[in-house]
Amino acid sequence: MTGKTVSFLSLAATAALAATFALASGAAAQTAPASGEDILVLYYSDSGNTKAVAEYIHSRVGGDIAQIVADPPYPQDRTQKTELAKTEQSEHASHGFSASVQDLSKYRTIIIGYPIWWGDMPMPVYGFLEANDFSGKTVAPFCTSGGSGLGETVTKLQSSLSGAKVLDGLGVRAADAANSGEAALKWLGDSGIAVRDAG
Ligand SMILES: Cc1cc2nc3c(=O)[nH]c(=O)nc-3n(C[C@H](O)[C@H](O)[C@H](O)COP(=O)(O)O)c2cc1C
């Protein structure tokens, strides 16, 4: 494992230990009416950073929230996990998944969040994308990462999701995951997604 790998993994571990997702202070809600009914916040999260951001976004846009889970789970051992993930990414080998949403037909906007693994999306996310019909939907992607950011993932999403409109993405550093509310609200506003007052 490279020094860079160790450093982003330790950043990740630090951020994952953050117990709560703190609301950014002073972030103003947009005044447009919430239109949450047809929004799905969908995420994959291994160590909790992406989950924290997804749950915050869901609290502000409404609609439904669902999780993609690796099935079988990745090894708990960090070295084994990162090596397996690396092999899968390089071979674009599928990894099984389950998801807490089966039918996307009622959603017009899907906000999808994922951690960056080796510069890319984890393979269970690709599995979900390939198994579902996103045509006609607007897809707003966000990631958490140790620092490398969205990379080519937005372009890859657009190629994977024929017929969908993929918007510009939001990249959140793992170390900032618990405190990214203000950036998330700005991104949602720029994406034309209405947010409601914090309640
Ligand atoms: C297998 C693996 C590969 C990773 N690869 C990268 C990477 O290429 N670039 C990066 O900045 N962070 C990388 N990270 C760090 C994660 O993207 C980061 O910790 C993220 O916030 C984890 O999200 P989660 O807690 O929702 O799982 C990697 C983490 C793992 C476990």
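This is a predicted model: local features need pLDDT of at least 70, side-chain atom pairs count only at pLDDT 80 or more; totals for chains, interfaces and linings use all residues.
Residues are numbered from 1 along each chain as its sequence is written.

**Exercise 1. Find where pLDDT stays under 50.**

Solution. 
- Start with the term: pLDDT is the predictor's confidence in each residue, from 0 to 100.
- Now go to residues 1-34, where pLDDT stays under 50.

**Exercise 2. Decide which residues of helix α6 are buried and where they sit around the axis.**

Solution. 
- A residue is buried if 20 or more other C-beta atoms lie within 10 Å of its own, exposed if 12 or fewer, and partly exposed in between; C-beta atoms are placed from the backbone.
- In α6 (residues 181-190), the buried ones are Gly-181, Ala-184, Leu-185, Trp-187 and Leu-188.
- They share one side of α6 because they cover an arc of only 165° around the axis, taken from the directions from the helix axis to the C-beta atoms.
- Look for their partners: these buried residues pack against α2 (49-61) and β7 (170-173). Packing here goes by contacts, meaning C-beta atoms, placed from the backbone, within 7 Å.

**Exercise 3. Compare His-92 and Trp-118: are they buried, partly exposed or exposed?**

Solution. 
- Locate them: His-92 is in the loop between α3 and β3 (97-99), and Trp-118 is in the loop between β4 and α4.
- Check phi: His-92 has a positive value of about 45° without being a glycine, and Trp-118, not a glycine either, has a positive phi of about 50°.
- For background, most residues other than glycine have a negative phi.
- Count neighbours: His-92 has 9 C-beta neighbours inside 10 Å, so it is exposed. Trp-118 has 16 inside 10 Å, so it is partly exposed.

**Exercise 4. Track down the cis peptide bond.**

Solution. 
- Go to the loop between β2 and α3, where you'll find Pro-72.
- The cis bond joins Asp-71 and Pro-72, with omega about 10°.

Conventions
Two residues are in contact if their C-beta atoms, placed from the backbone, lie within 7 Å. Helices (H or I, at least four residues) and strands (E, at least two) are DSSP runs, numbered from the N terminus.
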